[in-house]
Amino acid sequence: MPGRQRLRHVEHSMGTVFSFDIRIAARSDAPRVRAGLAAAVAGLHRVDEIFSTYRQDSQLSRLARGELPLGDCVAEVAEVLDLCSEAEHESNGWFTARYAGELDPTGLVKGWAVECAVRMLASSGADSVCLNGGGDIQLYGGPWRVGVCDPLHPGELVTVIEADEGVAVATSGPAERGCHIVVPHTRRPPAEGMASMTVVCPGLTRADARATAAYAMGGRARDWLEELPDTEGFAVNADGSTWRTSGFDRHTAKLTA
């Protein structure tokens with residue numbers, strides 16, 4: 001759009017990289033949006049300080065060791081744990097806030113933090129926002145195009161998602177970090193290990209948790225995703241074959257028409 005400004009920023013936090021791409025419709029909105037960006041960046045670092053499982057002094061670590069009661073934690077801790085409980089219930093236990101028996105809500109925290117940051121930017125006057133947190137993306141406004149990497153052929157794409165309104169895109173799998181997802185019921189890697197599982201839905205909090213649960217489910221994931229409202233999935237199997245939920249193509253139809 002003529003006259004629209006673009007603001008880009010890269011921030012390292014939570015052990016990964018967050019890439020901001022912000023469009024500003026009116027020049028007069030730029031100072032407020034820049035302030036919103038500063039607040040969003042500060043928010044990401046605050047989330048890391050509260051929820052890091054690597055920091056011994058984080059509230060999550062102290063809570064897990066029994067040194068800090070939940071009631072004495074900041075409100076965000078109870079909020080995240082409630083969201084984890086909802087995700088666990090929704091997935092019949094395929095998503096969990098525990099890893100190797102220890103409290104670990106990181107399967108949801110990053111998506112939640114990204115979604116919160118985008119809301120800050122939207123409220124500051126940004127026209128459109130794309131925030132990529134370690135490969136998981138929250139979009140606001142548009143139009144945007146998001147490529148989904150081929151886990152079996154680095155540098156290539158398996159599909160491209162186009163969005164005119166805000167959606168979230170989350171991908172789980174071993175391509176980037178090795179097999180870091182285990183089946184909660186067995187504490188072992190999924191027997192039907194897919195190469196990748198991508199979920200598209202309105203918010204990254206749910207998209208992130210649903211992608212993790214769906215990857216753990218393996219072959220059960222397709223039927224489960226089909227039952228979820230406003231949610232679509234695209235999977236790459238270990239042999240290179242793919243499958244998608246019945247409504248997934250509506251996110252790519254404009255590119256292939």
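Which strand does Thr 159 lie in? It is strand 8, residues 157-163, where strands (E, at least two residues) and helices (H or I, at least four) are DSSP runs numbered from the N terminus. Before the close-ups, a quick note: this is a predicted model, in which local features need pLDDT of at least 70 and side-chain atom pairs count only at pLDDT 80 or more, while totals for chains, interfaces and linings use all residues. Residues are numbered from 1 along each chain as its sequence is written, and side-chain values use heavy atoms, with hydrogens and water left out.

**View 1. Thr 159 and Thr 252 touch each other.** Thr 159 counts as buried because its relative accessible area is 11%; buried means under 20%, exposed over 50%, and partly exposed in between (1.4 Å probe, protein chains only). Skipping neighbours within four places in sequence, Thr 159 is in contact with Val 146, Gly 147, Val 148, Phe 234, Phe 248 and Thr 252, contact being heavy atoms within 4.5 Å. Val 148 sits 11 residues away along the chain, yet its C-alpha and that of Thr 159 are separated by 5.5 Å. Thr 252 belongs to the loop between strand 12 (242-244) and helix 7 (253-256). With a relative accessibility of 7%, Thr 252 is buried too. Beyond its sequence neighbours within four places, Thr 252 is in contact with Thr 159, Val 160 and Ile 161.

**View 2. Helix 4 runs from residue 106 to 123.** Its 18 residues reach 26 Å from first C-alpha to last, close to the expected 26 Å, a span worked out as 1.5 Å times one less than the number of residues. The buried residues of helix 4 include Leu 108, Gly 111, Trp 112, Cys 116 and Leu 121. So what covers them? Among the covering elements are strand 2 (16-24), helix 1 (30-51), helix 3 (75-90) and helix 5 (204-217). Just after the helix, Gly 125 takes a positive phi of about 110°.

**View 3. The largest nonpolar core has 61 residues.** A nonpolar core is a set of buried Ala, Val, Leu, Ile, Met, Phe, Trp, Tyr and Cys residues joined through side-chain atoms within 4.5 Å. Phe 20, Ile 22, Leu 108, Trp 112 and Met 197 touch the most other members. Apart from this core lies another, of 15 residues, among them Trp 144, Ala 163, Val 200 and Phe 234.

View 4. Most residues other than glycine have a negative phi, and most peptide bonds are trans. At 22% relative accessibility, Met 14 is partly exposed. Asp 230 is exposed, with a relative accessible area of 55%.
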